[in-house]
Amino acid sequence: MNITPWFYLGESVQKGWMYENYEYYSIFDKRDYTEAETRIIFSHGILENEKIKLKGFALAELSYDFHKKEGVRNELVAGVILPINKNFEAELNWRHIDRVHYYDSDVVETALTLIF
């Protein structure tokens with residue numbers, strides 16, 4: 001739900017299945033899980049002129065595991081979005097993934113999004 005043009009709040013309930021050779025299987029000791037994910041996004045224009053319309057954003061995703069009755073992941077993302085034309089936009093992000101009872105990781109992500 002877009003609360004304002006620059007603030008988004010979302011909630012989802014997800015069901016997932018793990019194979020025994022998946023890296024988290026031994027940690028969670030179960031094959032399937034149900035979790036809730038809360039997503040908060042703040043976005044704002046950084047640079048805008050006739051040629052460029054660069055937008056920045058910060059995102060937080062918080063995951064709660066119903067079986068464990070606790071939070072299991074917290075992901076923080078900062079990035080920029082550059083519209084290429086009316087159907088495409090490019091994105092560059094940094095993502096920090098905090099697996100609450102396991103290792104943390106940092107990832108640089110790029111994307112090309114088709115808008116239709």
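These legends walk through close-up views of a predicted model. Residues are numbered from 1 along each chain as its sequence is written, and side-chain values use heavy atoms, without hydrogens or water. Local features need pLDDT of at least 70 and side-chain atom pairs count only at pLDDT 80 or more, while totals for chains, interfaces and linings use all residues.

**View A. Trp6 and its aromatic neighbours.** Trp6, Phe7 and Phe42 make up one aromatic cluster. Trp6 itself is partly exposed at 44% relative accessible area (buried is under 20%, exposed over 50%, partly exposed in between, with a 1.4 Å probe and protein chains only).

**View B. The Glu35–Arg73 salt bridge.** These side chains meet at 2.9 Å, N to O (a salt bridge puts a side-chain nitrogen of Lys or Arg within 4 Å of a carboxyl oxygen of Asp or Glu). Glu35 is buried at 4%, whereas Arg73 is partly exposed at 22%. Both belong to a salt-bridge network that also includes Arg39, Glu61, Glu75, Arg95 and Glu109.

**View C. Arg99 over Tyr103.** Here the charged end of Arg99 sits over the Tyr103 ring, 4.3 Å from its centre (NZ of Lys or CZ of Arg must be within 6 Å of the ring centre and within 35 degrees of the ring normal).

Technical notes
Rings of Phe, Tyr and Trp (its six-membered ring) pair if their centres lie within 6.5 Å; planes under 30 degrees apart count as stacked, over 60 as edge-to-face and the rest as tilted.
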